[in-house]
Structures are given as C-alpha cells and as structure tokens.
Amino acid sequence: MGILGLSKLIADIAPMAVKESEIKHYFGRKVAIDASMSLYQFLIAVRNEGAQLTSVDGETTSHLMGTFYRTIRLVENGIKPVYVFDGKPPEMKSGELSKRAERREEAQKSLEKAEEAGDAEQVDKFSRRLVKVTKHHADECKQLLSLMGIPYIEAPCEAEAQCAAMVKAGKVYATATEDMDALTFGSSVLLRHMTFSEARKMPIQEFHLSKVLEELELSHNEFIDLCILLGCDYCDSIKGIGPKRAIDLIKQHRNLETVLKNVDRKKYSVAEDWMYKEARQLFLEPEVTDPEKIELKWLEPDEEGLVKYLCGDKAFNEDRVRNGAKKLTKARTGTTQGRLDSFFKVLPNTNNTANKRKAEEKTGAKKKAKVGGGKFRKPK
C-alpha cells in the first residue's frame, strides 16, 4: 500500500517537489529498484493485455519477460540498475498482510461468480486483484539478473527501506518504486513509473524529499507523523481523517502526541492501542544492511547461460535472447565510457582567459569613451 494518498497530496500542495522526466535523463545514474513492486507491475501489465505468458509447463513467465526487456532498456539508456528484494516483513505489518489475504479471498469468491455469469470484464478485474509476487517469482528473477550481470540485494526486511538507506549513503542516486513510503524512510529522490511497461507511455515522476519538506513546511519527523496519519502498512490510521485534515492537524500540532490530545474523539475514532510510536520508530530506524558493506558490480552478461535458462522450457525466442545479451554488452561499454568522460572536465587555459579578459576590458573602455567621454547623456 505504501502511504495512502501521499502522491496526490504532494501534487496538490507541493507541486514544485515533483518533476516529470524521460528515461534518457538518468544516463550514468545508479538506481535502486524495488524488485517486488517491479515484478508485480510486469505480472499485472501482461494480464491487462491478455493471458499471462507461460512456459511449456504452464508456469508464468511474465515476470521474467518484463525484467529481461525492461532491464535491457534501462541499461541501454545508461542507467545502472540494482534490484532490491524484500526480506521478512516486520511484525507490525502482519495486520496489513492479514487484510490483504482477506481481500484476496473476497476477490476469489467474486471471480468465481463472475466466471459463472460469463462477465469477462469482472473476471479480468478480480483476476488482477489475485496477482501476487511469490518467492518462486523472486528466486527466478534473481537467477535471471545474475546471468544478465545485474546486481541484486536481499534486504533483511523492507526493500524500500534498504533502497532509501543506499540513497542516503550515496551508493545510488534514487529509489525506483511506486510505493511512496520510500520518502518516509528518507530516500532523498524517488522515481515512479521507471519500470512501467512501454505500453503505458507514462513519464517518470521524480520526487525530491527536501523540496517536499520545504513546500509542506515540515521537518522529516513531522513528515513521518503525517504519513502515519494518512495511513501506512504498520498501523491503522484515525478513521474519518482524510489527507487535507491530516496535513492541517500536523501543521497545527507538529506531532501525533499533540494531535491525540486535541482531536475530537467523538468525531474521530482512535484505536486504544494505536501503535503510532512503533510505526514511527520503524520509519526512523528500519532494519537494513549497512550500505557501506554492500558492493555493487555490473558484470558482462552470460549469453549462453541466458539462452539455456530462458529458452527451451520457458519458451523464450533464442534469437531475441541473444540479441538482448548483445545489447547489454554494448550498452555496458557505452555507459562505462560515458561515466569516464564525465570525470574529465576541460579546464580553460589561464593565459588565454587572462588575455581574453584584457581584450574585453579594452573594448569596453573604447565604447565608454565614444559615449560622451563616459558621462551619461540624457536622450533628447
């Protein structure tokens, strides 16, 4: 879920904190990608266009297809992606996970009814709600990324938190995810829509945390409290408080403790055991691997290994796989050269610069002398 309604709130109140960019503008950038979100997008995108892509055994391969071709496009545009996979969810997320399980059960029942009624539109709607990224999907993509020479990391807990830690440490430029809680975890730059399928034709949205805080007139701690009030994965929000009311309350009272002292309990329902303090602590000090201990390496793709893994049972076209591997190799060389070029700046020749300055001074003096000996003449 991320943070409920945060992207719209920022767009409405702090529009200057968001800019739209094309993928080519991130040439030479290292970007941490929320792997689970990316895989979910690929599974959903293909389902929207029709049936899922499958192997000869009927196993879904949409996640592999999406990861393979989208990663190639990122690398071709000079981006150095690193995929970050979720670890174990924090205990506080169990409530949200239970709700998701309940929603899937309801969607399954609704799907069966739609199938009985022959309602194709409803069948598609509820089928999408049942899409879930499994450990099997993740493991297959890890193997694929290894063969492509693309680094990946297994986070000890939440992927967005690990991505944010890497951004803060300067290991990567930004976090690429659709979940806005990457900002809550402190990622200074968040990129949305980076891993969308080409069919979506949506520009990349770039959020800057410093600008968000500046325009909302909040500190990072106050921003975290706002996110909890809006609704996050770790505790329920206060029923009846929408985004506009939430930002007003935080701006007025500056923290949740004071909000609770002043909120009308008859009008707004607050759970007795509301665990906002624990949620706040999770955002402030999430369980992550120390970025300084993470070594990122982009390697040559294993063309033969890719053919062996993707072709045959997984039914990928061999020519396309080989072509993809060659694109990775070519793009990798180009990206490396591009980064090397950027390290060397052409410095002006100091003698030439000094001579040029003297010439400009002489020219200026001549012009000044022409206009009435340097005195200002009032126009007639």
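## Lys 135 and the model

Lys 135 is found in helix α6, where helices (H or I, at least four residues) and strands (E, at least two) are DSSP runs, numbered from the N terminus. At 62% relative accessibility, Lys 135 counts as exposed, given that buried means under 20% relative accessible area, exposed over 50%, and partly exposed in between (1.4 Å probe, protein chains only). The C-alpha atom of Lys 135 is separated by 9.8 Å from that of Asp 86, although the two residues are 49 residues apart along the chain.

This is a predicted model, in which local features need pLDDT of at least 70 and side-chain atom pairs count only at pLDDT 80 or more, while totals for chains, interfaces and linings use all residues. Residues are numbered from 1 along each chain as its sequence is written, and side-chain values use heavy atoms, with hydrogens and water left out.

## Overall composition

The secondary structure of the protein comes to 16 helices and seven strands, and buried residues make up 44% of its 380 residues. Taking contact to mean heavy atoms within 4.5 Å, among contacts between residues at least 6 apart in sequence, 70% join residues at least 24 apart.

## The sheet

Seven strands form an open sheet with the order β1-β7-β6-β5-β2-β3-β4 and mixed pairing, two strands being counted as a pair if DSSP finds at least two bridges between them. Its edge strands are β1 (18–21) and β4 (152–154), each of which pairs on one side only. Neighbouring strands of this sheet are turned by 25 degrees against each other on average, direction ignored; here axes are lines fitted to C-alpha atoms, for helices over the stretch in contact, and angles run from 0 to 180 degrees between N-to-C directions. Helix α6 packs on the sheet, touching β3 and β4, and its direction makes about 155 degrees with that of β3.

Strand β2 (residues 30–34) has four of its five residues buried, so it is largely enclosed by the rest of the structure. Five bridges join β2 to the parallel strand β3 (residues 80–85), and in this pairing Val 31 stands opposite Pro 81. Three bridges join β2 to β5 (residues 174–176), again in parallel, and there the bridge partner of Val 31 is Ala 174. Strand β5 is in turn joined by two bridges to β6 (residues 189–192), with which it runs parallel, and Thr 175 stands opposite Leu 190 in β6.

Not counting residues up to four places away in sequence, Glu 140 touches Thr 60, His 63, Leu 64, Tyr 309 and Lys 314.

Helix α6 and helix α14 (residues 303–310) pack at an angle of about 155 degrees, with their axes 8 Å apart. The two helices are therefore roughly antiparallel to each other, on a scale where angles under 35 degrees count as roughly parallel, over 145 as roughly antiparallel, 65 to 115 as roughly perpendicular and the rest as oblique. On the α6 side, Glu 140, Gln 143, Leu 144, Leu 147 and Met 148 meet Gly 305, Leu 306, Tyr 309 and Leu 310 of α14. The residues of this contact divide into six nonpolar, two polar and one charged, where Ala, Val, Leu, Ile, Met, Phe, Trp, Tyr, Cys and Pro count as nonpolar, Asp, Glu, Lys and Arg as charged, and the others, Gly among them, as polar.

## Nonpolar cores

A nonpolar core is a set of buried Ala, Val, Leu, Ile, Met, Phe, Trp, Tyr and Cys residues joined through side-chain atoms within 4.5 Å. The largest such core has 51 residues, of which Leu 191, Met 194 and Leu 306 touch the most other members. Helix α6 gives the most to this core, with six residues. The contacts of Leu 306, not counting residues up to four places away in sequence, are Phe 68, Leu 144, Leu 147, Met 148, Pro 301, Cys 311, Val 321 and Ala 325.

## Helix α10

Helix α10 (residues 220–230) is mostly covered, nine of its 11 residues being buried; among them are Phe 223, Ile 224, Leu 226 and Ile 228, as well as Glu 222 and Asp 225. The buried residues of α10 pack against α1 (6–13), α8 (181–184), α9 (209–216), α11 (243–253), α12 (256–262) and α13 (276–284). Helix α10 is followed by Gly 231, whose phi is positive, near 125 degrees.
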